[in-house]
Amino acid sequence: MSKLFGKITGCYRGQGGSMHMFSREHNVLGGFTFIGEGIPVAIGATFTSKYKREVLKEADCDHVTLVFFGDGTCNNGQLFELREVAKEAIGRARSGEGPTLAKCDTYRFRGHSLADSDELRDPDLKAIDKKIDEVVEDAVEFADESPVPPRSQPLENVFADPKGFGIGPDGRYKCEDPKFTKGTTQV
Amino acid sequence: MKVVGVIYVTRSILYPRHELLLFEALREGLEEEMERDPRVCVMGEDVGHYGGSYKVTKGLATKFGDLRVLDTPIAENSFTGMGIGAAMTGLRPVIEGMNMGFLLLAFNQISNNCGMLHYTSGGQFTIPIVIRGPGGVGRQLGAEHSQRLESYFQSVPGIQMVACSTPYNAKGLMKAALRSENPVILFEHVLLYNLKERIPDEDYICNLEEAEMVRPGEHVTILTYSRMRYHVMQAAKTLVNKGYDPEVIDIRSLKPFDLYTIGNSVKKTHRVLIVEECMRTGGIGASLTAAITENFHDYLDAPIICLSSQDVPTPYAGRLEEWTVVQPAQIVTAVEQLCQ
């Protein structure tokens, strides 16, 4: 909730939005705003699993990658390109089973976005809604009371190595300028 | 004579060097880093068994295996995304675009994922990826295969861009890019792969954020990169004969600009000429002109001149192709104009 409110206590410190769900601790590699673009990233994670076993010889590496997307994304070319990439790159040493595509028929909670008024839904679920509302209200209260990110936040985490902002006219790296940590320097 | 002979022998013992071509220097840098760090791997079209369209990865698949030098299908957006996913989960991949122009198909991954994920994940995931490939105007390769993508990618936040121009800096920048925690795009030029140079035997890297002083001078600062460096140096010979003393800087770091080296030069010469191969509109030169004007306006005695390629798709016909790209004669004329 803090993340959605753009507060510092949110997962991405005001830098990520509603589609940016990441957690290194829980191995969540992200929500991707252009949904299809996460599929190749998932294949990359799978590639790393195979690489760790075969190249780095970590025999106990048994990571499995899960990727989720909706039926709309099935139109996306990256999905079909990746079936072949996955088969060739990852499935080479396997017995020919290849990747698995799991099609799940599930419950559609609401319309696609605020622009979708969801008029085709059956409206008889008030009791469950009320319970959910209470949970959400608690979260809203926490988010409301959280502080906003500081002025310096937008400049953090653009680069893993902030030398990437370059050398300024005075010969020092821009990230060494005191105004950089305050967030008032121009990049 | 005897003393000179002794010094020469001593020097080559103290600083041993070997001669190679630019594409071999890139390969040497890549190979050394692959030996040094088992997480470094390569992905691209025909990089494995074929050894790369310009032979930068020749022999590496035999040495390191098919998984470390991976032949991908013709699916740039997907294998670039795959490289990003691999980088996020601990590997250090190199993505090769068979021709830089093909990476336009991977723009989605480069802009949205490569450039942004470190930021939107609040610093949790790093993307130590190197994206490289041959670009620039070649010999009659046609419009789509003669592209200069540095101008398109320069606005993407979160990435660094460098352009190599000699075997020495090609190897140095390749190694530095592979060791960097940031995503780096390394621009190579199709016509520079066969340049020959003697480079040091010992391990070295080139700083990703620094420009390279090619020829110190007093009268005018000429800023350039990649292949245009050679057109500039050719023009410099003519200029020296005419009595001019140009200072030539290969900016090397296209994003960010090394404003220190550039600034010191502007403060000395007060005249700036930018010579580049990308298009005039929205090119690297356009950004550089703005950056110099903003930071060093008081030191300029004349408006900055920027020589770029024409804003046209590169024609196939050889003569027409020449006319769209900056030639040494134009550089000489521009310097004469600046120094009036």
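A nonpolar core is taken here as a set of buried Ala, Val, Leu, Ile, Met, Phe, Trp, Tyr and Cys residues joined through side-chain atoms within 4.5 Å, where buried means under 20% relative accessible area, exposed over 50%, and partly exposed in between (1.4 Å probe, protein chains only). The structure is a predicted model, in which local features need pLDDT of at least 70 and side-chain atom pairs count only at pLDDT 80 or more, while totals for chains, interfaces and linings use all residues. Residues are numbered from 1 along each chain as its sequence is written, chains are lettered from A and ligands numbered from 1 in the order in which they are written, and side-chain values use heavy atoms, with hydrogens and water left out.

The largest nonpolar core comprises 59 residues, and Phe47(A) and Ile292(B) have the most contacts inside it. Helix α4 (residues 76-88) of chain B gives the most to this core, with 6 residues; helices (H or I, at least four residues) and strands (E, at least two) are DSSP runs, numbered from the N terminus. Because domain 1 (17-200) and domain 2 (212-339) of chain B both give residues to this core, it lies between them; the domain bounds come from an automatic or database domain assignment. Apart from this core lies another, of 34 residues, including Phe23(B) and Val56(B).

For residues 20-195 of chain B, an unreviewed UniProt entry lists "domain: Transketolase-like pyrimidine-binding". UniProt positions are given in the numbering used here, feature names are shortened, and annotations may be inferred rather than shown by experiment. Over this range the chain is 35% helix and 18% strand, and the end C-alpha atoms are 8 Å apart.

Helix α10 (residues 259-269) of chain B has several buried residues, among them Leu259(B), Ile262(B) and Val266(B). The buried residues of α10(B) pack against β10 (220-224), β11 (246-250), β13 (272-279) and α11 (284-296) of chain B, contact being defined by heavy atoms within 4.5 Å. His270(B), with a positive phi near 65 degrees, follows α10(B).

Leu338(B) belongs to helix α13 (residues 328-338) of chain B and counts as buried, at 5% relative accessibility. Residues touched by Leu338(B), beyond those up to four places away in sequence, include Val220(B), Val272(B), Leu273(B) and Ile305(B). Leu273(B) is 65 residues from Leu338(B) in sequence, yet their C-alpha atoms are 8.1 Å apart.

A search of the whole structure finds 0 disulfides over all chains, a disulfide being a pair of cysteine sulfur atoms within 2.5 Å. Cys339(B) is in no disulfide, the nearest cysteine sulfur, that of Cys306(B), being 17 Å away. Cys339(B) is partly exposed, with a relative accessible area of 24%. The sulfur of Cys206(B) is 9.9 Å from the closest cysteine sulfur, in Cys164(B), too far for a bond.
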